[in-house]
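This report goes through one structure, topic by topic. Please keep the sequence and the 3D view at hand while reading.

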Amino acid sequence: MPAIQPREEIHDVVVIGSGAGGATVAHVLTGLGVRVTLLEAGPMLDPYREFKEHDWPYDYDHRGAEPGGRRYFGEGKPFGFFSTTSGGWELDGEPYTVADDTDDFWWFRSRIVGGRTNHYGRMTFRFSDYDFAPRDRDGLGWNWPITYEDIAPWYDRAEAFIGVTGSREGIRSAPDGVFHDPPPPKAHELLIQRASHKLGIPCIPNRRAVITRPLNGRPACHYCGQCGRGCRTASNYSASQVQILPALATGRLTLIDQAMAREVTTDGAGRVTGVVYLDKRTGEERTIRSRVLVVAASACESARLLLNSKPRDFPSGVANHSGVVGRYLMDTVGFGLGGYVPALEGLPRYNSDGAGGAHLYMPWWGWDDQTKLGFPRGYHIEIGGGYGMPGVGSFQRSARRAGYGAALKERARREYGTRVRDDPQRRQLLRARPERRRPLGHSRPALPLPLERARAPAGAAHARDVHRAHRAPGRGG
Amino acid sequence: MTLSRREVLRQLAVAATSAAAGGFNLEAARVVHAFAAEERAQAGGYAPRLLTAHVRRLAELVVPADAGGGSAVDAGAPEFIDLLCSENERLADIYRRGVAWVDEETDRRGGGAFVGASSGRQTALLDALVDAERAGGAGDLAPGVRFFAWVRRMTVDAYYTSPIGIRDVGYEGNRVASAYDTPPAALEFIDRLADDLGL
């Protein structure tokens, strides 16, 4: 037996990161009887206390503009005051740099138990069969060593566990799964669906991680449309509520929050022994030893941790003999196009909150024409619209158009609910070439990310043309 | 009040999540919503400290009372603006300078301060600002155009985030429901519209 310090506990499994990946590991392993220790860089989440679900803007004197009207100055909470606890693009004490030729890469980092699953849009899609062999189609990237058929049973299992709405459509870019019944379309979505069908574009029930029937003790959605605020009844999927809390209830999960992993440690013979982390409450550095270490700290943070860990036996970073850790970052590029649709004026008012987000969406339809389009891969389109809860900013367009006075009120009434958005979300290849620099300090990591964007503009132009085609019939501003 | 709203919500959530495979407790949720409304009705309002007469009058002009609802003053716009200014020197400065500009301009256009002027003279100034804004916002009126944009923005926000503003536009949501349905009248409207548009 190697000599170890007698007082030092060796944990069975240590997981770094409590988002979708880390929480799944923790939940599955504790369910199998394994003891797991989970490190999270942010604080513990209390959904009942922190979520602002069902609050009205007038419940707060600042109405959502935040103290001192921070939102008016482009400051305040990411995604708005009412959005769930999350993290940010700028975090105190955690600066990062990007390459000189990259001016628009914003690195969002969650710092909360459950990570980004607390606030993501719950759009939950499968890759298509052709996504696993991209090089065969467009010569970019690499084919995966597994196929869609290999992973399909795991998609089934994940969907059955977290609960995803959808319908069986037989569309190649959006393989069918194990679905909860989707809610019916909203009124403005039906108009877009008719326009889509005329253009030959599929417009189908959305696939969102929202349950429409009870599941594992979680009640069905109550259709308040406020998924983005966090759901107190856990009727949408968040790792914090659906996996971490049940895993804690087994008594086999030890959660250490406010713990920023800094360096993976090894025994000098090529074996990982644990991790050094910063206890953000005390500012002290601690070492935790484990038999198994799971790095699930998000794509960029995991790469940073491995590259910043340079024990003697791993001079280029832990698990980086190939030299590709931190390279070939894949990101999703999204942009939104909105329009005022005068033809929707006069639509009878109704409660369009629904299951939150869009009930319909447009999966990618152009896979057969890929070689003629001038850009690789594809995108899908999300739809926004309806009679949303009025909030700070909601009626500024109408107000500007009307000027002031009685005309302003009249215009706001008329134009409420007439704004519709197409939000193409692109699957696009981005390449990152990490140039590791020394961290500035224990809590101040730096990961330069020079990005090379490959032909995103051509895809964006295509999406813009599709949007214009949608807009043509009932067009407005 | 012995039980805080948060406590009720918490208990609701605990009850809902512990009901294994049972439906959501709609009745409990309705109780919570009624409770929250009651608590809000009892809450004391914010008393303005910095700005009063000018902001009050401007708010009343930007969103006046009509058959569809009260004015921005009824919706608490002056208190909203005053509170945020009291918390943010940058914002307070915008309002102090803006109010001074409005008085100077009113004086230049025929004497006196804005608040004491006839409503005809007040709206004439706002009309001039809106015209200047539509023409690009440059020129002598530029400081006034910028200030009026702030006043309108915050007044409109205050009104439409208040109970009367939300009622005015007819938002019907933020409820707890056992199912989602688009009502037949809305479906028929869309059907007719799509037919008319040739879709």
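The model is predicted. A:Lys372 is exposed, because its relative accessible area is 67% and the cut-off for exposed is over 50%. The side chain of A:Lys372 forms a salt bridge with that of A:Asp369, with N and O 3.3 Å apart. A:Asp369 has a relative accessible area of 35%, so this residue is partly exposed.

## Other salt bridges

Over all chains, the search of the whole structure gives 35 salt bridges. One of them joins A:Asp257 and A:Arg281, whose closest N and O atoms are 2.9 Å apart. A:Asp257 lies in the loop between strand E6 (253-256) and strand E7 (259-266) of chain A, while A:Arg281 lies in the loop between strand E8 (272-279) and strand E9 (284-295) of chain A, so the pair ties together parts that are 24 residues apart in sequence. The two partners are also set apart by accessibility: A:Asp257 counts as buried at 15%, and A:Arg281 counts as exposed at 54%.

A further salt bridge is made by the side chains of A:Glu410 and A:Arg413, at 3.3 Å from N to O. Both residues are in helix H9 of chain A, and because they are 3 residues apart there, about one helical turn separates them. A:Glu410 is partly exposed, with 39% relative accessibility, whereas A:Arg413 is buried, with a relative accessible area of 16%.

## Where chain A meets chain B

How many residues of chain A are in contact with chain B? The number is 79, and they touch 81 residues of chain B. The area buried between chain A and chain B is about 6800 Å², and carbon and sulfur atoms give 61% of that area.

The interface of chain A and chain B has 6 salt bridges. The side chains of A:Arg194 and B:Asp195 also meet in a salt bridge, with 2.6 Å between N and O. On the side of chain A that touches chain B, at least two residues each come from helix H2 (47-50), helix H5 (187-199), helix H8 (396-402) and helix H9 (406-415) of chain A. H5(A) gives the most to this side, with 6 residues.

## Chain B

Chain B has 9 helices and 0 strands, and its pattern along the sequence is α-α-α-α-α-α-α-α-α. Of its 199 residues, 46% count as buried. Among the contacts in chain B with a separation of 6 or more, 61% are between residues 24 or more positions apart.

## Aromatic rings

Over all chains, the structure holds 28 aromatic pairs. One of these is formed by B:Tyr95 and B:Phe147: the ring centres are 5.4 Å apart and the planes are at 80°, so the pair is edge-to-face. This pair links distant parts of chain B, as B:Tyr95 is in helix H5 (residues 89-108) and B:Phe147 is in helix H7 (residues 142-160), 52 residues apart. B:Tyr95 is buried, with a relative accessible area of 0%, and B:Phe147 is buried as well, with 5%.

Ring pairs also link residues of chain A and chain B into a cluster that holds A:Tyr350, A:Tyr387, A:Phe395, A:Tyr416, B:Tyr159 and B:Tyr160. The charged end of A:Arg135 sits over the ring of A:Trp142, 5.8 Å from the ring centre. The charged end of A:Arg401 sits over the ring of A:Tyr340, at 4.8 Å from its centre.

A:Glu301 is in helix H7 (residues 299-308) of chain A and counts as buried, at 5% relative accessibility. The side chain of A:Glu301 makes a polar contact of 2.5 Å with that of A:Arg111 and another of 2.6 Å with that of A:Arg304. Apart from neighbours within four places in sequence, the residues in contact with A:Glu301 are A:Glu94, A:Trp107, A:Arg109 and A:Arg111.

A:Asp59 is placed in the loop between H2 and strand E3 (87-88) of chain A. Its side chain reaches the backbone nitrogen of A:Trp56 at 2.7 Å. From A:Asp59 to A:Ile192 there are 133 residues in sequence and 35 Å in space, C-alpha to C-alpha.

Technical notes:
Residues are numbered from 1 along each chain as its sequence is written. Chains are lettered from A and ligands numbered from 1 in the order in which they are written. This is a predicted model: local features need pLDDT of at least 70, side-chain atom pairs count only at pLDDT 80 or more; totals for chains, interfaces and linings use all residues. Side-chain values use heavy atoms; hydrogens and water are left out. Rings of Phe, Tyr and Trp (its six-membered ring) pair if their centres lie within 6.5 Å; planes under 30 degrees apart count as stacked, over 60 as edge-to-face and the rest as tilted. Helices (H or I, at least four residues) and strands (E, at least two) are DSSP runs, numbered from the N terminus. Buried means under 20% relative accessible area, exposed over 50%, partly exposed in between (1.4 Å probe, protein chains only). A charge sits over a ring if NZ of Lys or CZ of Arg is within 6 Å of the ring centre and within 35 degrees of the ring normal. Contact means heavy atoms within 4.5 Å. Buried area is the accessible area (1.4 Å probe) that two parts lose on being put together, summed over both. A salt bridge is a side-chain nitrogen of Lys or Arg within 4 Å of a carboxyl oxygen of Asp or Glu. A polar contact is a pair of N or O atoms within 3.5 Å; within protein, one must be able to donate a hydrogen and the other to accept it, and residues adjacent in sequence count only if both atoms are side-chain atoms.
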